[in-house]
Amino acid sequence: SIGWMIGLAFLGIGIGLGIMGARIAEAVGRNPETKNDVVHAALSVALIVAVLLLLLFAFVFLLLYFNPLV
């Protein structure tokens, strides 16, 4: 089940960041003057997602090695 958790997390993050990248490209294509603001906001969101992924890894390894349900 731990493999499923990691796999689904990567799948969700990959799809989410792909959709976000498409929307960023669309926004910059429509209004090129706001490129810096849009890219800055997108990188902030990507950073938050990366931090949450690291927290997921910590939780998964906690379950893997210190599982209280076993």
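I began with Leu64, which counts as partly exposed at 42% relative accessibility; the term covers values between buried (under 20% relative accessible area) and exposed (over 50%), with a 1.4 Å probe and protein chains only. Leu64 has its place in helix 2.

I noted the basis of the entries: the model is predicted, local features need pLDDT of at least 70, side-chain atom pairs count only at pLDDT 80 or more, and totals for chains, interfaces and linings use all residues. Residues are numbered from 1 along each chain as its sequence is written, and side-chain values use heavy atoms, with hydrogens and water left out.

**Helix pair**

I looked up how helix 1 (residues 2-30) and helix 2 (residues 35-65) are placed; their axes come within 11 Å and cross at roughly 180°. Helix 1 is therefore roughly antiparallel to helix 2, a term for angles over 145 degrees. In their contact I recorded 22 nonpolar residues, no polar ones and one charged. Here Ala, Val, Leu, Ile, Met, Phe, Trp, Tyr, Cys and Pro count as nonpolar, Asp, Glu, Lys and Arg as charged, and the others, Gly among them, as polar. Helices are DSSP runs (H or I, at least four residues), numbered from the N terminus. The axes are lines fitted to C-alpha atoms over the stretch in contact, and angles run from 0 to 180 degrees between N-to-C directions.

**Salt bridges**

I searched for salt bridges (a side-chain nitrogen of Lys or Arg within 4 Å of a carboxyl oxygen of Asp or Glu) and the count came to two. Arg23 and Glu26 meet in one, at 3.3 Å from N to O. They are three residues apart in helix 1, so about one helical turn separates them. Arg30 also forms a salt bridge with Glu26, with the closest N and O atoms 3.0 Å apart; these two residues lie four apart in helix 1, about one turn. The bridges link Arg23, Glu26 and Arg30 in a network.

I then checked accessibility: Arg23 is exposed at 55%, Arg30 is exposed at 68%, and Glu26 is partly exposed at 33%.

**Surface patch**

Methods: Angles under 35 degrees count as roughly parallel, over 145 as roughly antiparallel, 65 to 115 as roughly perpendicular and the rest as oblique.
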